[in-house]
Amino acid sequence: MTGYAVEFHIPTEHFMSSLTKVSSTTRARHRAWIRRYARRVWRAAIEAGAYRTERFVALAMVQWPGPSIYPAMSCAETLKPVIDAGTDEKLWPDDDNSHCRATVFMEAPGLSAYGVTMWVYIIPVGRIPDMPAWFVSMMPGAKGTLASIELDSETEWLNSNQRNEGPERDEKLARLGQRLHRRGERRQTG
């Protein structure tokens, strides 16, 4: 079974990165706009042949309108309501980790003429017992090592609703960044 790709154009005023500093009210308003817009795009994709899948890997390619200070992974904050809209349109049962087996972020070359352009590739997968090993097997000849950290989702991770504001949010970002940095140093020396 092959996958499919859907293109989304997010106006810069609605795009949010995980580093965007706005109030939770503003964040909720932007997420609601993105989700409404994405539902229309997913419906058009269904009419063009997009289909339901039980389990999938999402590959999100982001193209910025100009030089960006953000890494591609920072578009997760904008991708979340896009994937939620796919759930709304019944393309998959849910976006939890038993259905969305992995999300990969990449920066697309070139500059977007439409604010931020995101291509979301949905790749159907079956039951994969060892997701990291499967993912590495899909990249023949790739050099590198898998690294992971475990996070307590209630206290360390910035949740998808981004309910933390101001200093609490900044402290979580700093703790997570320090932990990732330490993990990377251990992998290089170990």
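Start your tour by selecting G49: just after α1, this residue takes a positive phi of about 125 degrees. Helices here are DSSP runs of H or I with at least four residues, strands are runs of E with at least two, and both are numbered from the N terminus. Before going on, note that this is a predicted model, where local features need pLDDT of at least 70, side-chain atom pairs count only at pLDDT 80 or more, and totals for chains, interfaces and linings use all residues. Residues are numbered from 1 along each chain as its sequence is written, and side-chain values use heavy atoms, with hydrogens and water left out.

**Stop 1: helix α1**

Now step back and select α1, residues 24-47. This helix has 24 residues and reaches 34 Å from its first C-alpha to its last, close to the 34 Å expected at 1.5 Å a residue; the expected span is 1.5 Å times one less than the number of residues. Colour its buried residues, among them R27, R31, Y37 and W42. Buried means under 20% relative accessible area, exposed over 50%, and partly exposed in between, with a 1.4 Å probe and protein chains only.

**Stop 2: strand β2**

Next, select β2, residues 56-63. Since 8 of the 8 residues of β2 are buried, the strand is largely enclosed by the rest of the structure. Show the side chains: F56, A58, A60 and V62 point one way, while V57, L59, M61 and Q63 point the other way.

β2 pairs with β3 in the parallel sense over 7 bridges, and the bridge partner of A58 in β3 is T103. With β4, β2 runs antiparallel, joined by 8 bridges; here L59 stands opposite Y121.

**Stop 3: helix α2**

Select residues 76-88 for α2, which has 13 residues and reaches 18 Å from first C-alpha to last. Together, β2, α2 and β3 make a right-handed β-α-β unit: with the strands pointing away from the viewer, the path from the first strand over the helix to the second runs clockwise.

Because 10 of its 13 residues are buried, α2 is largely enclosed by the rest of the structure. What covers these buried residues includes β1, α1, β2, β3 and β4.

Zoom in on T78, in helix α2, which counts as buried because its relative accessibility is 0%. Which residues does T78 touch, not counting those up to four places away in sequence? Display I10, F15, M16, I34 and M118; contact means heavy atoms within 4.5 Å.

How values were computed: Two strands pair if DSSP finds at least two bridges between them.
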